[in-house]
Amino acid sequence: MARRLSPVGLDFIESAALRHVFTREVSAPPEAVYRALAHDLAGWPTWFAAVTQCRPTDGGKGRDVRLRGGTRFRETILAADEPERYAYRVDVTNAPGPRALVEEWRLTPAGTGTRVRWTLAADGTPPFRLVLKLSRAGLGRAFRDAVTALDRRLMAATG
């Protein structure tokens, strides 16, 4: 069953009831990482194991994302500040419990590579918040694996 979430803005990233922030440095430059995040949506399943499909909607203003296990998200892109920030809000999902969900990817130069910071900001029912809190380690591992796979992919394309 599809559920409509609250249409929160970028300020929600700082004010959310629950926030997970993960950081990792990669070898690829910020411009290449940004292109993979914001412009190569079809490529997400090749480096982010949880994603089975990611495609643009609304003329590039949104995304339709499907995850392993059947979770679906219809999203609105809130920020596409090349090459520093890419953020999106979940508008509709079939996942039980969330009331609001925003993800932000921040990219900063780190030597010749990039420091990637992913923030997951959420609010929802008490059971949803508990599950999300308990999922922190798994989300961190998924982020590290995804960003490592993305870096390998980007470096192979340039090398």
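Predicted model: local features only at pLDDT ≥ 70, side-chain atom pairs only at ≥ 80, totals over all residues.
Residues are numbered from 1 along each chain as its sequence is written, and side-chain values use heavy atoms, without hydrogens or water. Local features need pLDDT of at least 70 and side-chain atom pairs pLDDT 80 or more, while totals for chains, interfaces and linings use all residues.

User: How many residues of helix α2 (residues 30-38) are buried?

Analyst: Happy to start there! Buried means under 20% relative accessible area, with a 1.4 Å probe and protein chains only. Helices are DSSP runs of H or I with at least four residues, and strands are runs of E with at least two, numbered from the N terminus. The buried residues of α2 include Pro30, Tyr34 and Leu37. The helix is mostly covered, and the count is 7 of its 9 residues.

User: How are the planes of Trp47 and Trp105 arranged: stacked, tilted or edge-to-face?

Analyst: Rings of Phe, Tyr and Trp (its six-membered ring) pair if their centres lie within 6.5 Å; planes under 30 degrees apart count as stacked, over 60 as edge-to-face and the rest as tilted. A search of the whole structure finds 12 aromatic pairs. In this one the centres are 6.3 Å apart and the planes are at 80 degrees, so the pair is edge-to-face.

User: What is the angle between the planes of Trp105 and Phe143?

Analyst: Trp105 and Phe143 are both buried. Their aromatic pair is 6.0 Å centre to centre and counts as tilted, with the planes at 40 degrees.

User: Which helix holds Phe143, in the pair with Trp105 of strand β7?

Analyst: This pair also links distant parts of the chain, 38 residues apart. Phe143 belongs to one aromatic cluster with Phe22, Trp44, Trp47, Phe48, Trp105 and Trp118. The helix that holds Phe143 is α5.

User: How far is the charged end of Arg63 from the centre of the ring of Tyr88?

Analyst: A charge sits over a ring if NZ of Lys or CZ of Arg is within 6 Å of the ring centre and within 35 degrees of the ring normal. Arg63 lies over the face of Trp44, at 4.5 Å from the ring centre. Arg63 also has its charged end over the ring of Tyr88, where the distance to the centre is 3.9 Å.

Notes:
Buried < 20%, exposed > 50% of the residue type's maximum accessible area, 1.4 Å probe, protein only.
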